[in-house]
Amino acid sequence: MIDRIHHVGIVVHSADDALGFFRDTLGLPVTEDRVVEEQGVRGVLLACGENEIELLEPTRDDTGVARFLQSRGQTLHHICFNTDDIDAELARLKAMNVQLIDETPRDGLAGRIAFIHPKAMHGVLVELATPPAGSHVSHDKGFDHLAVSVADYIAAQESWKHIVGLEVVNEIHPEGRGMVIGQMPCGQAIIELLAATTPDSPLAQRLLEQGERASSMVAIEVADLDAEVAKYRAKGLTMPDPAVGVLPDSRTSTISAEQAFGLAIQLIEFKR
């Protein structure tokens, strides 16, 4: 059973440099740091409430992660979901003829892992993981939401429901943006499916240029957005003034991907 987002993985040139931001500036504690020789990467996991952020630094040039970094630069690589039984999940997916990268689990930073091919998930590389005993566990909220841009909203809903068991329970139609946001709860976080509703919207143009993919961004809820912005500005980061967000009753400000090693960090405050 899939019960939460385990982590988002980003590919970076230097894990040590990225730790200067994620550990030292954001204050996220490291839960794992080791080289996975089979994959040719050094991986670092940092806890963010019930979720984690994974830094992937290639240690060889002949790996998929190294090629990804060369072609795409520092950016989001995959979304990983926590499951208590990866063998059962893979058996279920194989019975459904879902296209997989791994038909049997292998060792990874997050435990016993396997990847679903992005062709099965509308351009998103999805990892499943069953962590070992003693791994990071938290009941605190971590991510507020992640976003995935899709060209075929109905087909994407079906894929996410049948493959990873997530279902759209709420839709938001932001005024004047020509898009729909379908919200799928996963643990305490939301995965948003973003689809264009008009052919001339910015999202429609982005889909034409980039195709379906997960946004290289995580949103984290904060209690006092003004105080958080002031704190990070004092640490030398450039952040815009808080502004009304796309989601109802929200204000946001974002640490840009350029400052955050390819993963934009949106801070979001809700009027409760």
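**View 1. Elements that line the largest pocket of the predicted model.** In this predicted model, the lining of the largest pocket draws at least two residues from each of β5 (75–83), β9 (145–149), β11 (179–186), β12 (189–196), α5 (202–210), β13 (213–214), β16 and β17. The most is given by α5, which supplies 5 residues to this lining. The volume of the largest pocket is about 780 Å³, and among its 31 lining residues those closest to the centre are A147, L194, R206, S215 and M217.

**View 2. The buried residues of helix α1.** Within α1 (residues 15–22), the buried residues are A15, A18, L19, F21 and F22. Because these buried residues fall within an arc of 160 degrees when seen down the axis of α1, they line one face of the helix. They pack against β1 (2–11), β2 (30–36), β3 (41–48) and β4 (51–58), and also against β16 (250–255) and β17 (264–270). The helix α1 lies across β1, β2, β3 and β4, and runs at about 10 degrees to β3.

**View 3. The open sheet of 8 strands.** The strands of this sheet follow the order β2-β3-β4-β1-β5-β8-β7-β6, and their pairing is mixed. At the edges stand β2 and β6 (106–108), each with a single partner strand, so one side of each is left without a neighbour in the sheet. Neighbouring strands of this sheet are turned against each other by 30 degrees on average, direction ignored.

**View 4. The pairing of β3 with β4.** Strands of a sheet pair through backbone hydrogen bonds, in either a parallel or an antiparallel manner. Here β3 and β4 run antiparallel and are joined by 8 bridges, and the bridge partner of A47 in β4 is E52.

Key
Residues are numbered from 1 along each chain as its sequence is written. This is a predicted model: local features need pLDDT of at least 70, side-chain atom pairs count only at pLDDT 80 or more; totals for chains, interfaces and linings use all residues. Side-chain values use heavy atoms; hydrogens and water are left out. Buried means under 20% relative accessible area, exposed over 50%, partly exposed in between (1.4 Å probe, protein chains only). Helices (H or I, at least four residues) and strands (E, at least two) are DSSP runs, numbered from the N terminus. The arc is that of the directions from the helix axis to the C-beta atoms. Contact means heavy atoms within 4.5 Å. Two strands pair if DSSP finds at least two bridges between them. Axes are lines fitted to C-alpha atoms, for helices over the stretch in contact, and angles run from 0 to 180 degrees between N-to-C directions. On a 1 Å grid over the protein atoms alone, a cavity is a set of points where a 1.4 Å probe fits but cannot get out, and a pocket is an open set with protein on both sides within 12 Å along at least five of seven lines; lining residues have an atom within 4 Å of a point. Grid points are joined across faces, edges and corners, and a volume is the space filled by probe spheres set on the points.
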